[in-house]
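Here are some notes for a colleague who is opening this structure for the first time.

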Amino acid sequence: MTIQIRKGKRATEPQCLGSQRSLNSEDLLFPNQTGDSKAAVYFQLSNGRFRPPPAHRLIAHHIVDTIAPIFFRVSRTMWLPLRLTLLLLFLLLSPRALLRSGSAAVVSGEEEEFHEELLLKPLPDRKVLAHFHFHSIAPPSKSNGRHHHLFPKAISQLVQKFRVKEMELSFTQGRWNYERWGGFDPISSNNAKPPGVELWAVFDVPEDQVDAYWKNLTNSLSGLFCASINFLESSTMYSAPKWSFRITPGRLRYGTLPREAVCTENLTPWLKLLPCRDKAGLAALLDRPSIYKGFYHSQRLYLTSNASVPAETVSGISLEQTLTVVLQPNSPSSSSIHSGESNFQPSWSLSSIFGRKISGKCVLAQSSIVYLQLEKSIFSEQKDNMDNGPNSLASEGFAGGSGFEMSLDPDIVIEEENQSQHKGSSVLYGFWVEKYNESQPFDLGLKWKYPVFWSSRQAPLHASRFLMGSGNERGAIAILFKSANSADSSSGSRHVSDGCELQVDVFQVVPWYIKVYYHSLQIFVDDEAKPIGDFVHKIQVSPSKDKTSPGMMEMLLKLPCDVRSAALTLEFDKGFLHIDEYPPDANQGYDIPSAVISFPSFHSVMHLLSNDSIRKSPLLSRFQEKNRVQSYTEVLLVPLTTPDFSMPYNVITITCTVFALFFGSLLNVLRRRVGEEERYLKAGKKKGWLRVLLSRLLAKLRGKPMEEPDQPSSESAPLIGKKLVLKVILVAVLAVAWQFYST
Amino acid sequence: MPTANTEEENSKSELQKNHGGGGGFTRWAVVAVIFRLALIYFPGNLNLSSRPEVSTPLTSIRRLAEGYWLKQSSMSPYAGSMYHGSPLLLSVLGPLTVKRIEGQPSHILCSLVFVLADLISSILIRATGRKLQIAYRKSLKSLNLLNKSTDSGALSSGDIAALVYLWNPFTIVACVGLSTSPVENLFTILTLYGAATGLAPLAAFGWVMATHLSLYPAILIIPVNLSYSGSWFYPPAPLSPEYTYAPPSKLFRSKEHGKVGDGKSSQEIIFSWRRVFHLLVWTSLWSVYVLVLCSISVKQHGSLQEMFQRTYGFILTVEDLSPNIGVLWYFFAEVFDFFRDFFLIVFHSNILFMILPLAIRLKHRPCFLAFVYIAISSMLKSYPSVGDSALYLGLLGLFLDELADMQFSFFLFCGYVGVSLLSPVMHNLWIWRGTGNANFYYATAMAYACFQIVLVVESVSSMLNHDRKLTKLSTSKLQK
């Protein structure tokens with residue numbers, strides 16, 4: 001057993017998660033109050049295997065952490081030696097405990113597991129897909145209580161507290177290019193996500209409490225991932241799809257934030273959930289600049305918990321963290337050698353893509369494998385090119401005569417069994433990372449010898465969505481389906497006869513200020529307007545309520561298999577918001593979240609030759625699961641009209657003035673008395689007394705006190721004057737006194 | 001003779017050319033209907049049904065169609081915030097919105113319904129005008145002033161009012177633009193007609209339906225009561241609406257004084273509570289009937305409470321802030337949320353505050369009182385449209401003779417024309433081109449509100465002056 005104590009620069013990470021302190025082994029990274037360095041202690045067993053520290057060791061850690069502040073207060077300099085002695089103390093105890101826990105693990109199998117895997121795949125348009133897959137499993141256990149060895153405590157608390165049965169959270173930047181990067185394989189169905197944040201969760205609570213749990217969950221996730229997921233709390237932002245989003249929805253809530261910018265502050269908390277963070281293992285490849293300069297970047301967190309465990313036991317949780325990036329390899333060697341030959345795939349290596357190499361596995365991981373996935377069609381093409389290509393697809397054959405060269409020999413070659421057709425199936429080369437260490441880092445490189453072409457497998461229909469109309473009053477949303485392979489029919493429709501149907505599920509959420517007229521739904525099949533009933537098999541709509549809930553549409557279309565194109569249009573009116581409801585950049589427009597298009601009769605499965613190593617690998621077993629083919633459409637940007645934001649006071653005053661004008665002038669008209677005028681008319685008959693009567697009328701108009709205007713005023717004037725003078729003097733005295741005492 | 005409101009100047013000048021009387025009206029009414037049909041069959045899309053001036057959230061046919069669609073797909077028509085109208089209207093007009101006839105423009109059946117509603121409205125206005133005219137002559141005769149009122153050979157004020165209603169561009173636009181306001185106007189006019197002819201069931205039915213459709217006609221219960229209850233005491237039945245058009249009561253009383261020994265007693269103008277009760281019984285009967293119908297039509301997917309929330313609640317709380325020709329939308333889009341409730345109360349009570357003073361001063365002219373109420377509510381309502389203006393402009397024609405001396409009539413005519421031309425321009429600049437600003441459109445709405453205020457105030461003032469003049473004339477005659 002070797003103990004390796006490493007001191008390194010403390011990563012400059014945004015510390016927005018003050019409270020996230022899990023009792024993982026990663027907590028061996030001591031918080032060091034004295035400086036900016038961080039002491040990292042790694043336990044590495046001599047035989048390369050690792051067992052997580054048993055419970056009593058964790059308790060010792062706990063004691064260290066709890067008593068630390070006390071000692072820290074006593075003496076700052078004494079603290080570090082003290083910690084080291086405590087460490088040594090429990091290390092002396094460890095071998096026995098280790099043996100015990102090891103034997104227990106063999107018997108019960110209730111160990112927490114962590115697997116890390118990386119899938120690399122060259123894409124047809126000269127880019128490289130890197131798909132990181134980290135899988136943590138916490139089995140249901142009574143013994144450990146709330147403590148975990150490897151599993152992130154923050155996630156387990158989340159699951160316990162909010163009764164989450166299943167949850168998926170994804171942060172995505174960029175848009176998955178379904179046409180070039182594939183729309184049928186498991187990665188595009190599971191890992192291609194809409195831009196921004198997407199969150200859905202299934203809860204294990206009664207139906208009436210789901211909303212409350214959802215709101216709490218969004219707030220916690222918001223804190224955990226430094227993102228504005230808490231905006232999903234508002235009932236205008238989430239919806240409850242019934243059947244189109246997932247086949248077995250349960251108590252599902254779904255919400256997206258298309259505008260959310262995803263960056264390193266979201267990645268860092270995500271990495272913190274890994275036992276080794278990005279300090280060791282495959283995650284060490286995640287160099288921030290090289291990831292974020294890619295074309296597509298999606299980090300995802302998917303967890304399931306078996307909630308059907310009896311009370312008092314902690315439910316088992318399976319946490320799947322994936323990071324999918326599409327990068328442009330930019331190797332100088334290939335460009336210099338094959339300059340001018342643009343049809344050459346660029347050669348690349350891990351170090352050229354990420355700027356880093358893998359220096360060994362994360363010691364806490366049970367498996368650490370890098371896969372390289374290549375399409376089988378490459379080989380057939382090479383066979384045509386070379387005329388004497390190898391017939392078998394054995395690894396030796398590739399290394400020898402094929403058009404590419406790997407810098408390392410694969411440890412395992414897995415072939416996809418696809419009986420139905422040759423196209424689209426692929427070959428996986430596996431590399432065990434544990435064989436490599438710091439002195440001999442893992443740096444897989446791929447070099448192409450000949451130009452190769454292939455195309456990714458497409459979903460039966462390619463879906464895109466766009467807006468129609470101009471102006472800020474109304475418009476229409478159109479979803480357009482185009483047959484992906486017009487020449488040869490897709491695999492799903494080949495085996496069925498002419499009367500076959502292609503099922504398409506459409507799930508679309510629109511915010512409430514896009515007021516969709518669902519009765520205006522029109523369907524065009526092969527550019528001809530068709531009655532809706534012929535193709536829409538099932539439709540469910542929950543119309544939007546102003547400032548309360550978004551509009552949601554679920555639709556099951558049944559299109560003929562030989563359809564070339566189909567389009568759906570829906571008209572809408574644009575709403576007008578209150579001045580406070582506009583975001584700061586109101587003129588940028590509003591996003592309509594992506595629609596989810598799925599094909600229930602198509603499943604993206606990789607039929608791999610069953611192998612022992614496959615069963616162990618969570619990534620490959622995930623690929624072998626039956627998932628329906630799913631794709632997301634574009635996010636639409638809808639400009640909305642804005643009022644004048646600077647004018648509230650003007651509007652209020654002008655409107656009130658108009659109202660006052662109405663009220664005052666109408667009352668004035670009504671108040672004018674007829675009686676006076678009649679009397680005036682009567683007075684007018686007697687012409688001689690006209691003047692007298694006029695003056696009397698005027699006097700009456702003014703009221704009784706003024707009946708005799710002249711005499712009293714002349715007398716009272718001096719009196720008033722005296723009083724006035726007195727008052728003025730009083731006020732002046734008061735003012736002077738105030739001035740004097742206040743200063 | 002200067003015309004009272006210049007809106008009808010065109011039609012009147014044209015009308016005066018043919019001294020046909022009833023024949024002239026029929027001819028022009030037929031032409032108006034043909035003109036509407038021509039507009040409906042106009043090949044280009046006029047897009048009138050989505051104009052903010054024509055269709056408000058309450059009267060839009062597209063929203064009605066959406067409500068019907070929701071109802072057909074077994075949901076409450078009030079689910080979502082689309083439909084805010086009556087469930088009865090939905091059951092009548094809803095099936096017509098989906099029915100398409102080959103080769104005809106869409107919504108052709110609805111258009112025909114609205115054209116029919118307009119035609120019936122104008123006929124009812126004409127009948128009301130006739131009754132008022134008879135009553136006017138009668139009362140003038142009883143005051144011995146008939147020789148003063150010149151019998152022009154032209155059409156009577158009822159015919160003119162009906163033609164003004166039919167030929168008003170606002171009415172035409174509201175009818176062709178498929179807003180439901182022609183139907184609402186029809187029931188309001190039916191109320192007035194029932195009250196003027198002394199038919200309590202008809203008046204009560206019109207009032208209940210109009211209130212059910214758009215809430216604001218609720219205040220018409222006062223003029224309807226005044227009109228109906230006052231008309232009881234005139235002995236011959238055909239002359240019963242005399243009270244609906246009568247000079248101030250004081251005048252009659254003084255006249256009775258002058259002619260002592262006449263058979264009529266002074267009780268003729270006493271407000272009859274029995275008649276009020278009679279009317280109220282009919283009102284409550286019809287209300288119950290309408291409520292039962294509503295509850296039958298909404299019971300499958302909703303409740304009456306939801307209906308009231310979605311219709312009356314929507315009107316009173318001004319939830320929809322989309323621009324219209326009123327002033328409240330921009331006010332409530334800009335006002336601070338804290339004061340929202342306060343201003344809601346203030347603006348709605350502005351209508352209510354004026355009820356009593358107007359009722360006191362104009363109680364001898366219930367029909368004119370109804371006109372003023374309609375004008376005020378169409379000016380201050382939450383979601384006004386040109387259909388509402390069309391109604392009060394049409395009714396204004398009924399009082400042509402009395403309002404002959406109205407001031408600013410040319411100014412008002414120019415104002416109405418100017419605003420109705422400028423407002424679409426400003427809307428286009430703001431919404432479609434993005435070069436304008438919300439304030440421009442709001443300014444036209446403001447100007448429109450001001451013109452309406454001037455119209456109401458001036459008409460009330462000139463009506464009161466007219467009564468004063470009558471008083472003066474009769475007193476001077478009595479003096480002689």
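1. A disulfide is counted here as a pair of cysteine sulfur atoms within 2.5 Å. The sulfur of B:Cys414 lies 16 Å from the closest cysteine sulfur, that of B:Cys450, which is too far for a bond. With 37% relative accessibility, B:Cys414 counts as partly exposed, where buried means under 20% relative accessible area, exposed over 50%, and partly exposed in between (1.4 Å probe, protein chains only). B:Cys367, by contrast, is buried, with a relative accessible area of 8%.

2. Please keep in mind that this is a predicted model, in which local features need pLDDT of at least 70 and side-chain atom pairs count only at pLDDT 80 or more, while totals for chains, interfaces and linings use all residues. Residues are numbered from 1 along each chain as its sequence is written, chains are lettered from A and ligands numbered from 1 in the order in which they are written, and side-chain values use heavy atoms, with hydrogens and water left out.

3. How many disulfides does the structure hold over all chains? There are 2 disulfides, and one of them joins A:Cys276 to A:Cys362, with an S to S distance of 1.8 Å. A:Cys276 sits in the loop between helix 7 (264-272) and helix 8 (288-292) of chain A, and A:Cys362 in the loop between helix 10 (350-354) and strand 12 (367-375) of chain A, so the pair ties together parts that are 86 residues apart in sequence. Helices (H or I, at least four residues) and strands (E, at least two) are DSSP runs, numbered from the N terminus. The torsion about the S-S bond of A:Cys276 and A:Cys362 is about 65°, so this disulfide is right-handed; both A:Cys276 and A:Cys362 are buried.

4. A disulfide is also formed by A:Cys500 and A:Cys561, whose sulfur atoms are 1.7 Å apart. A:Cys500 belongs to the loop between helix 13 (491-494) and strand 19 of chain A, and A:Cys561 to the loop between strand 23 (551-560) and strand 24 of chain A, so the pair ties together parts that are 61 residues apart in sequence. A:Cys500 is buried, with a relative accessible area of 9%.

5. In chain A, 5 strands form an open sheet in the order 22-23-19-26-27, with antiparallel pairing; two strands pair if DSSP finds at least two bridges between them. Strand 22 (536-542) and strand 27 (627-632) of chain A stand at the edges with a single partner strand each, so one side of each is left without a neighbour in the sheet. Strand 19 (residues 501-510) and strand 26 (residues 596-604) of chain A are joined by 3 bridges, and A:Asp505 has A:Ser598 as its bridge partner in strand 26 of chain A.

6. Strand 10 (residues 317-327) of chain A is mostly covered, as 11 of its 11 residues are buried. Strand 10 of chain A runs antiparallel to strand 4 (residues 128-138) of chain A, to which 11 bridges join it, and antiparallel to strand 9 (residues 296-305) of chain A, with 10 bridges. A:Ala138 stands opposite A:Ile317, while the bridge partner of A:Thr304 is A:Ser318.

7. The largest cavity holds about 330 Å³ of space. A cavity is a set of points, on a 1 Å grid over the protein atoms alone, where a 1.4 Å probe fits but cannot get out, and lining residues have an atom within 4 Å of a point; a volume is the space filled by probe spheres set on the points, which are joined across faces, edges and corners. Among the 24 residues that line the largest cavity, the closest to its centre are A:Glu473, A:Asp573, B:Ser50, B:Ser55 and B:Ser322.

Methods. 1 Å grid on protein atoms, 1.4 Å probe; cavity = no way out; pocket = protein on both sides within 12 Å on 5 of 7 lines; lining within 4 Å.
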